Amino acid sequence: MINIITYNTTGVCAKVITFDLVNGNVKNVKFSSGCPGNLAAISKLVENMPADMLVESLKGITCGHKDTSCADQLAQAVIKAMKDANDSN
């Protein structure tokens, strides 16, 4: 089952993250705005990664003086998507 997610970020340069959640794996991550090279690298590195592994790897990463980062926001988006998927079942 494919579940396309759109997540509006807070506290980072990227404004929106979209991705697919397919059978528990994260695919097709795209960031709107932000640092293109870094975000393309994150997107490529997490392609087909199990959602729980992505959260474990990226949750809590900060950027400079900020309390969050684009990687952390992706983890937050995946957490929300997994919760929403569980709530709808």
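Start by selecting Lys 80 and Asp 84: both sit in helix H3, four residues apart, about one turn of the helix. Helices are DSSP runs of H or I with at least four residues, strands are E runs of at least two, and both are numbered from the N terminus. The model is predicted, so local features need pLDDT of at least 70 and side-chain atom pairs count only at pLDDT 80 or more, while totals for chains, interfaces and linings use all residues. Residues are numbered from 1 along each chain as its sequence is written, and side-chain values use heavy atoms, leaving out hydrogens and water.

**Stop 1**

Show the side chains of Lys 80 and Asp 84. They meet in a salt bridge at 2.8 Å, N to O. The term means a side-chain nitrogen of Lys or Arg within 4 Å of a carboxyl oxygen of Asp or Glu. Lys 80 is partly exposed, at 43% relative accessible area. Asp 84 is partly exposed too, at 35%. The cut-offs: buried is under 20% relative accessible area, exposed is over 50%, and partly exposed lies in between (1.4 Å probe, protein chains only).

Next, select Lys 83 and Asp 87. Their side chains also form a salt bridge, 2.8 Å from N to O. Four residues apart in H3, this pair is separated by about one helical turn. Asp 87 counts as exposed, at 53% relative accessibility. By this rule, the count is two salt bridges.

**Stop 2: the nonpolar core**

Now select Phe 19, Phe 31, Leu 54 and Leu 74. These have the most contacts inside the largest nonpolar core, which has 25 residues. Such a core joins buried Ala, Val, Leu, Ile, Met, Phe, Trp, Tyr and Cys residues through side-chain atoms within 4.5 Å. Which element gives the most to this core? H3 does, with seven residues.

Centre on Leu 74. Leaving aside residues up to four places away in sequence, Leu 74 touches Ile 17, Phe 19, Val 29, Phe 31, Ile 42, Val 46, Leu 54 and Leu 58. Contact here means heavy atoms within 4.5 Å.

**Stop 3**

Move to H2 and pick Ala 51, Leu 54, Val 55 and Leu 58. All four are buried. They lie on the same side of H2, because they cover an arc of only 100° around the axis. That arc is taken from the directions from the helix axis to the C-beta atoms. The buried residues of H2 pack against E2, E3, H1, strand E4 (49–50) and H3.

End at Gly 60, which follows H2 and has a positive phi, near 90°.
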